[in-house]
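Please keep the sequence and the 3D view open while reading.

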Amino acid sequence: MSTQIISVLVEDEAGSLTRMSGMFSRRGINIHSLTVSPSEKEGMSRMTIVTTGDEREIEKVEKQLNKLIEVVKVNILDKNTSVVRDLCLLKVYADKENRAEVIEIANAFKSNIVDISIRTITLEITADPLDIDRFVETMKNFGIKELFRTGVTAISRDVEKKSGG
Amino acid sequence: MNEGLKGTEIVVKCLKEEKVKHLFGFPGGQLIPLYDQLYEETDIRSILVRHEQGAAHAADGYARASGDPGVCMATSGPGATNLITGLLNATMDSIPVVAFTAQVPTKAIGTDAFQEADTFGITMPITKHNFLVKSTDTLSWTIKGAFKIANTGRKGAVVIDLPNDVQQKRSKEYHHGEVKFAGYNPSIVPNPLQLKRIAQKLVEAERPLILAGGGVILANATEDLRILAEYLGAGVATTLMGKGAIPENHPLSLGMVGMHGRLGANKMINNCDVLLVIGCRFSDRTTGWGLESFAPDAIKIHCDIDSSELNKNIPVDFPLVGDANLVIRDLIKFIKKYEDVKKDTNIWRKRVNQLHSMCEECETVKPNGSKLTPEIIIKTINNFLDDNAIVTTEVGQNQMFAAHYYITKKPRQFISSGGLGTMGFGFPAAIGAKVAKPESQVLDIAGDGSFLMVCQELATAMSEDIPVVVAVLNNSFLGMVRQWQELFWDKRYAGTKLGTIPDFVKLAESFGAYGERVEKASDIEKALKNAFDSGIVSVLDFKIESETNILPMIPPGGRVDEMIGVGRCRHK
């Protein structure tokens, strides 16, 4: 069982999100995260789904997705050749005692400070989901008040063809 | 706006372009506009059922008998929800059905209006596809798209939800020509490279076996299947849905496989060296349990129009996506090229023929005095009906007795609910089949439990003059579940003994239909003749023993070749 990222190009029809997620629940497949966004093609959206399964299970998911009328293209993204990102907004407790320490760690993780109050700091980080996991773990030491993550979005890298010679 | 066509005019125009001649439906408040449009329509016959489930099943039976999409309609809310079972039944068996459901006006959607149901949401997981039409401008495009989706690729049910205002508004938009979907292009042309490999395996086989599913019938490929089998000397076993894919009196026919299949056919699955599976989805009723023990030593070839079925239930050596018609036609072409390497299959061919006659013999029913048994009833029906007759079944013992003892000689003449196993399917499906094929004798082999679920359709058959015959195998039990309780649940007949059984003869007569009770084997033929001669819908009440079993069967958890109750089988 390994985590898989599936990128799906779908026609922008009412109900296409329900149809997609319905297929997963009907076939008993868990969705870890699901993001929907506009794509470069007019009238089409891109959905990025993170799920777990072995090769055979993912092949089944791919075929079932392809069967849906609104689904135009399904890509199973290879993690080694894709850029994978997750966005996290995190409100952590920080008063004058430890504010400096929180900021120092936030900087180390290349996260941005987006808001500060007397008792809290709100941080924003866009990174590989595993890096965000580590960031969140570290911040737990200060006490997390609120946590929001968008879920994964991903894009495959273009492999440059070697020019002749 | 007074220009263009009214929504309902667009519906009727599209239906005519799709060559729809019959609609099965039941009206309601939100469906009045469409019914009104059909009121003076002479080219489309609107058949009023007595429960919407009957409309869906009748459309399904119509499609199975004719090969054309069946069309049904129901009003919003309860009308639409009553269609559900029938729509899933069609989708599970890949039958093209288009359903129109009325909806509350677009402005009222989401307000929990009277008779409002989220039909779009409810029918999403039980159909091949569905639409909620929000504007009359997109109506013609939607209807044409719906027919395309229902009737191409792997077929299935499609729902078009029609709000009241969409039916009544006018629009100048009318889509001409084919509807295209960016994400729907069912690839039906089989890959020639894979075909070549498969052809080679087939000619190299010493013990080839074909397992034909409903896909062969849906693709109208039965004639070519027979040619292929004869050329290869391959035995042909079928699934329940594949019954009729090869004439069952053909010497290469082995009958049905699976949980209630023939022992011989099941054993052959595990004896063959190359298994060619076409238009079959390896349902659990076909494979038995223990999937790794299904044809363990055979090279497995699986051809299906739906790529998601390949390697889904049973991993195979050679998967191939394609329409069964093209697959079989091309296989014959390729195989002929390998003439020189073709193995001698004479010994195997003889063995298949021998097994065929052995099974025929084992299933020969000799009258046992005047005793009325399901076997003798179905055998008599078999001899009585002509070669163009259509038999439908309900679900349960009646269905399995029919599958065993009714010899189907042509495709589209054995109509049964396979995937969903819907009790109450057979009678309305028979009505649909009779509408599609008015010249054919149509008979529903029913159980008392199943028939009671849909007996109100006697009114439909009477008022619309649809003379089908219902043969009720009346054992006062829900027979199949009782059989399971007898064999696997210590004879605890929980919920299966039907206390009050109506007098089916009087029931029929109360609708003005013909009814007759049969208690002796010698009276079966006469009763059948009376029923068909009556010229009206008829119910024959066959009083059979309350506790009979349909055997052999694979017990729960058993492998495909581990059957119980094989007493009558000589092939062991």
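How much of the chain is helix and how much is strand over residues 395–541 of chain B, and how many Å apart are the end C-alpha atoms? In this predicted model, that stretch of chain B is 42% helix and 16% strand, and its end C-alpha atoms are 17 Å apart.

**Annotated regions**
- According to the unreviewed UniProt entry, residues 395–541 of chain B carry the annotation "domain: Thiamine pyrophosphate enzyme TPP-binding".
- The unreviewed UniProt entry also assigns "domain: Thiamine pyrophosphate enzyme central" to residues 195–331 of chain B, and over this stretch the chain is 33% helix and 20% strand, with the end C-alpha atoms 6 Å apart.

**Helices α3 and α18 of chain B**
- Helix α3 (residues 52–66) of chain B packs against helix α18 (residues 426–436) of chain B at an angle of about 45°, and their axes are 6 Å apart; α3(B) is therefore oblique to α18(B).
- The crossing of α3(B) and α18(B) is right-handed, and the residues that meet there include B:His57, B:Asp60, B:Tyr62 and B:Arg64 from α3(B), together with B:Pro428, B:Ile431 and B:Val435 from α18(B).
- By class, the contact of α3(B) with α18(B) is made up of 11 nonpolar, 5 polar and 2 charged residues.

**Helices α9 and α14 of chain B**
- Helix α9 (residues 192–204) of chain B and helix α14 (residues 324–337) of chain B have axes 9 Å apart and pack at an angle of about 65°, in a crossing that is right-handed.
- From α9(B), the residues B:Leu195, B:Lys196, B:Ile198, B:Ala199, B:Leu202 and B:Val203 meet B:Asp330, B:Leu331, B:Phe334 and B:Ile335 of α14(B).
- The residues of the contact of α9(B) with α14(B) comprise 8 nonpolar, no polar and 2 charged.

- α16(B) passes α17(B) in a right-handed crossing, where B:Pro374, B:Glu375, B:Ile378, B:Lys379 and B:Asn382 of α16(B) meet B:Phe401, B:Ala402 and B:Tyr405 of α17(B).
- The contact of α16(B) with α17(B) has 5 nonpolar, 1 polar and 2 charged residues.
- B:Lys366 lies in the loop between α15 (346–362) and α16 of chain B, and it counts as exposed because it has 7 C-beta neighbours inside 10 Å, where 12 or fewer is the criterion for that class.
- Although B:Lys366 and B:Ile376 are 10 residues apart along the chain, their C-alpha atoms are separated by 7.6 Å.

**Contact between chains A and B**
- In the contact between the chains, 14 residues of chain B meet 15 residues of chain A, and α6 (119–123) and β6 (129–132) of chain B each supply at least two residues of the side of chain B that touches chain A.
- By class, the side of chain B that touches chain A consists of 8 nonpolar, 5 polar and 1 charged residues.

Key: Residues are numbered from 1 along each chain as its sequence is written. Chains are lettered from A and ligands numbered from 1 in the order in which they are written. This is a predicted model: local features need pLDDT of at least 70, side-chain atom pairs count only at pLDDT 80 or more; totals for chains, interfaces and linings use all residues. UniProt positions are given in the numbering used here, feature names are shortened, and annotations may be inferred rather than shown by experiment. Helices (H or I, at least four residues) and strands (E, at least two) are DSSP runs, numbered from the N terminus. Two residues are in contact if their C-beta atoms, placed from the backbone, lie within 7 Å. Ala, Val, Leu, Ile, Met, Phe, Trp, Tyr, Cys and Pro count as nonpolar, Asp, Glu, Lys and Arg as charged, and the others, Gly among them, as polar. A crossing is left-handed if the near helix is turned anticlockwise from the far one by less than a right angle, and right-handed if clockwise. A residue is buried if 20 or more other C-beta atoms lie within 10 Å of its own, exposed if 12 or fewer, and partly exposed in between; C-beta atoms are placed from the backbone. Axes are lines fitted to C-alpha atoms, for helices over the stretch in contact, and angles run from 0 to 180 degrees between N-to-C directions. Angles under 35 degrees count as roughly parallel, over 145 as roughly antiparallel, 65 to 115 as roughly perpendicular and the rest as oblique.
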